[in-house]
Amino acid sequence: MEKAGFSLRPPEFRFSGDNQVYRGAPSSSPRTPYASSPPSSNDTNAQRSLSLQPLPNSGCRQTRSETFSTAATPPKSPQKRRKLRVAYEAPAGSDAEKAAEAEAKKQRWEPKNWRWQLDNIREMRKARDAPVDQMGAEKCCDTQAPPEVMRFQVLLSLMLSSQTKDQVTSAAMTRLREHGLTVDNILEMEDATLGRLIYPVGFWKTKVRYIKQTSAILKRDYGGDIPRTVAELVKLPGVGPKMAHLAMAIAWQDVSGIGVDTHVHRISNRLRWVKETKLPEETRKALENWLPRELWSEINWLLVGFGQQICLPVNPRCGECLNRDLCPASGKR
């Protein structure tokens, strides 16, 4: 579209003495093409008068003359942008980053209403009158004995408690203490005498052998004391993960994990705090995956006493349970 003989299209122009065609208004520093290198500042031809002349048939009736500098700066080559990496960030694609992404995708599972259920169990256990409260491992040792003797007695009470009611374990520990329950006394004791003192705990003959073997190891390797790590404790004959974690908590005041016995295993599955585990050790690992660590120390005695009084293995007293409306297993047995 043209008006009054003037083209609205940007005019085309050329510099005098130059065959290069340009379009649009020239800038104060035009990018003048040159053969090999830009003209130097000493070149007398660097500054020259340039006349803008309309091209034939351009429709432009005006002619202007202006002076431009041809000493143009050569175009800079584009620089490759570098990605800055913060010092604490893992390199892209590293194992640490992949592990972090996988962990972020994996949402921590928590059972429904577990805090409400736990508060109800605390309420039902506030009297602390279950057998475990009166005859548990921490009640079976001589707190006035030297520390290493007390810790040895804690370990032995845990070994005797396997497959045995707390009342039976407590009676056996009382007889042992009256006879003198130290590492040296156990090693000097006849097997028959030891068996008579611990009878009728479950599997008492096997436990006589385990107690003798463990006492010998403690005397030889630990100076009569017990190991202070779970890894070393579970190497002792007759000591499993549950006993090791409870021994760490009671004897060393170090909460290394959750002690899971038959009561903790049963109740955790009934409340759906775990996803149908078959073995106590599976239950321990499942609980530790989501239960806050500050609760590990109390969960054993809470659930053990609860299992001894209300959530019984057979015919649980669901009518007396504060969780009867929250427990998935309520009324199904």
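This is a predicted model: local features need pLDDT of at least 70, side-chain atom pairs count only at pLDDT 80 or more; totals for chains, interfaces and linings use all residues.

1. The largest pocket has a volume of about 1300 Å³. Its lining comprises 47 residues, and those closest to the centre of the pocket are Lys 242, Asp 261, His 263, Asn 300 and Val 304. Sorted by class, the lining holds 18 nonpolar, 18 polar and 11 charged residues.

2. At least two lining residues come from each of H3 (131-135), H4 (137-140), H5 (147-161), H6 (166-179), H11 (241-251), H12 (262-270), H13 (280-290) and H14 (296-309). Three of these helices, H5, H14 and H6, return in the points on packing below.

3. Helix H5 packs with helix H9 (residues 204-221) at an angle of about 155°, and the two axes lie 11 Å apart. Because angles over 145 degrees count as roughly antiparallel, H5 is roughly antiparallel to H9. Their crossing is right-handed. From H5, the residues in contact are Phe 152, Leu 155, Leu 156, Met 159, Leu 160 and Ser 161; from H9, they are Lys 207, Tyr 210, Ile 211, Thr 214, Ser 215 and Leu 218. This contact has eight nonpolar residues, three polar and one charged.

4. Helix H2 (residues 114-124) and H14 cross at roughly 65°, and their axes come within 10 Å. H2 is therefore roughly perpendicular to H14. The crossing of H2 with H14 is left-handed. On the H2 side, Leu 118, Ile 121, Arg 122 and Met 124 take part, meeting Glu 298, Ile 299, Leu 302, Leu 303 and Phe 306 of H14. By class, there are seven nonpolar and two charged residues in this contact, and no polar ones.

5. The axes of H6 and helix H8 (residues 191-198) come within 8 Å, with a crossing angle of roughly 135°. How is H6 placed relative to H8: parallel, antiparallel, perpendicular or oblique? The angle makes H6 oblique to H8. Ala 172, Arg 175, Leu 176 and His 179 of H6 are in contact with Thr 193, Leu 194, Arg 196, Leu 197 and Ile 198 of H8. Five nonpolar, two polar and two charged residues form the contact of H6 with H8.

Conventions:
Residues are numbered from 1 along each chain as its sequence is written. Side-chain values use heavy atoms; hydrogens and water are left out. On a 1 Å grid over the protein atoms alone, a cavity is a set of points where a 1.4 Å probe fits but cannot get out, and a pocket is an open set with protein on both sides within 12 Å along at least five of seven lines; lining residues have an atom within 4 Å of a point. Grid points are joined across faces, edges and corners, and a volume is the space filled by probe spheres set on the points. Helices (H or I, at least four residues) and strands (E, at least two) are DSSP runs, numbered from the N terminus. Ala, Val, Leu, Ile, Met, Phe, Trp, Tyr, Cys and Pro count as nonpolar, Asp, Glu, Lys and Arg as charged, and the others, Gly among them, as polar. Axes are lines fitted to C-alpha atoms, for helices over the stretch in contact, and angles run from 0 to 180 degrees between N-to-C directions. Angles under 35 degrees count as roughly parallel, over 145 as roughly antiparallel, 65 to 115 as roughly perpendicular and the rest as oblique. A crossing is left-handed if the near helix is turned anticlockwise from the far one by less than a right angle, and right-handed if clockwise. Contact means heavy atoms within 4.5 Å.
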